[in-house]
Amino acid sequence: EEKRLLTMESRDDPRVQEVIQLLIHWLNYELASQRIVVKHIQEDLYDGQIIQKLTEKLANIKIEVPEVSQSEEGQRQKLHKVIETVNRIIAQGQYEKAKWNADLIHNKDTVAIIQLLVAIAVFFRAPVRFPEYVNAQILVVQKKDNQLKSRYITEQLTTTQPELGVKGERDAFDTLFDYGPDKLAHVKSSLLAFCNKHLNKINLEVTDLENQFKDGVYLVLLMGLLEGYFVPLYNFDLQALTYDQKIQNVTFAYQLMYEADFQRPRARVQDIVNGDLKSTLRILHSLFTRYKHV
């Protein structure tokens, strides 16, 4: 018999806590339409019900399992079927030897639940940027011949997310990122020059495309400059510090783009706020294409 426990150090680690909070926020965002509210990673997910609902929504499938299982054995069988389905969907090399299984999840193993959810989030391109390379330390306690043996192991919760934006038809930016670092550098410098040509009029300057558009402020101001109107400061948050304030700003910038007859951008609002470079470049390039002669 073996029991795995998250150590106190890892439980209190701000980076581990951030991963957990991001997952809870994402689950509640995805499952809001089904009136599901997640408050606790272990207690709310160990029976597989929420993992099932999440997978069905994201993969647009129906997992054939009984809606309610009264017995513990019935619950375990249902969970096995759900995890089997999830593993089949996201099985891509790195998850062939999954670090989670139905038994660990049913035993409320925090690390296994986090690893599974992160894998689902990354596979389905959830609009979440996790802190990179977060590890957790686990105390493994084993009972053998009436004796307790313990050891510590380290498990990886997150790696790096190469891309956040939704998958769609491949475009010029996909090709640039894959094969054209020199051309990509040229595109970035052209977009930088374009942004600064206009933002300099109000004494602002962009030096970092990846990070300076994340809060939506420059995007809102740029739209006003390009369309020739002043955006009242009460319409957006000039000092956007929280995630929600940044989301509101970028959403407002998108609204200004719709009013200027832009098509719906491929990049999600969250992708811009999370600093996904490819998504940011796509938005700026659409502005450049429309307003390069302004």
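Student: Where is Lys-53 found?

Tutor: Lys-53 lies in helix α4. Keep in mind that this is a predicted model.

Student: Why is Lys-53 called buried?

Tutor: The label buried needs a relative accessible area under 20%. Lys-53 has 17% relative accessibility, so it counts as buried.

Student: What is Lys-53 in contact with, leaving aside its neighbours within four places in sequence?

Tutor: Its contacts are Leu-31, Gln-34, Ile-36 and Glu-67. They count as contacts because heavy atoms lie within 4.5 Å.

Student: Where is Phe-230, and is it buried or exposed?

Tutor: Phe-230 sits in the loop between α11 (217-227) and α12 (243-259). Exposed means over 50%. Phe-230 has 66% relative accessibility, so it counts as exposed.

Student: What makes the nonpolar surface patch that includes Phe-230?

Tutor: Phe-230, Leu-233 and Leu-238 make this patch, with an area of about 330 Å². Nonpolar side chains are joined into a patch within 5 Å, and each residue needs over 30% relative accessible area. The 66% of Phe-230 is over that cut-off.

Student: Which residues have the most contacts inside the largest nonpolar core?

Tutor: They are Leu-23, Trp-26, Ile-41, Leu-45 and Ile-105, in a core of 46 residues. Two or more residues each come from α2 (14-31), α3 (41-45), α4 (49-59), α5 (72-90), α6 (102-106), α7 (110-123) and β2 (135-144). Helix α7 gives the most, with eleven residues.

Student: Why is it called a nonpolar core?

Tutor: The name is used because its members are buried residues of kinds such as Leu, Ile and Trp, joined through side-chain atoms within 4.5 Å. In soluble globular proteins, nonpolar side chains tend to be buried together.

Student: What does Leu-23 touch, not counting residues up to four places away in sequence?

Tutor: Leu-23 touches Ile-41, Ile-114, Leu-117, Val-118 and Phe-130. There is also a second, separate core of 39 residues, which includes Leu-221, Tyr-254, Met-257 and Phe-262.

Student: How many helices and strands does the chain have, and how much of the chain counts as buried?

Tutor: The chain has 14 helices and three strands. Of its 294 residues, 45% count as buried.

Technical notes:
Residues numbered from 1 in each chain as written. Predicted model: local features only at pLDDT ≥ 70, side-chain atom pairs only at ≥ 80, totals over all residues. Heavy atoms only, no water. Buried < 20%, exposed > 50% of the residue type's maximum accessible area, 1.4 Å probe, protein only. Helix = DSSP H or I, 4+ residues; strand = E, 2+ residues; numbered from the N terminus. Patch = residues over 30% accessible without salt bridge, like charges linked within 9 Å, V, L, I, M, F, W, Y side chains within 5 Å. Areas by Shrake-Rupley, 256 points an atom, 1.4 Å probe, with all protein chains shown as cover. Salt bridge = Lys/Arg side-chain N within 4 Å of Asp/Glu carboxyl O.
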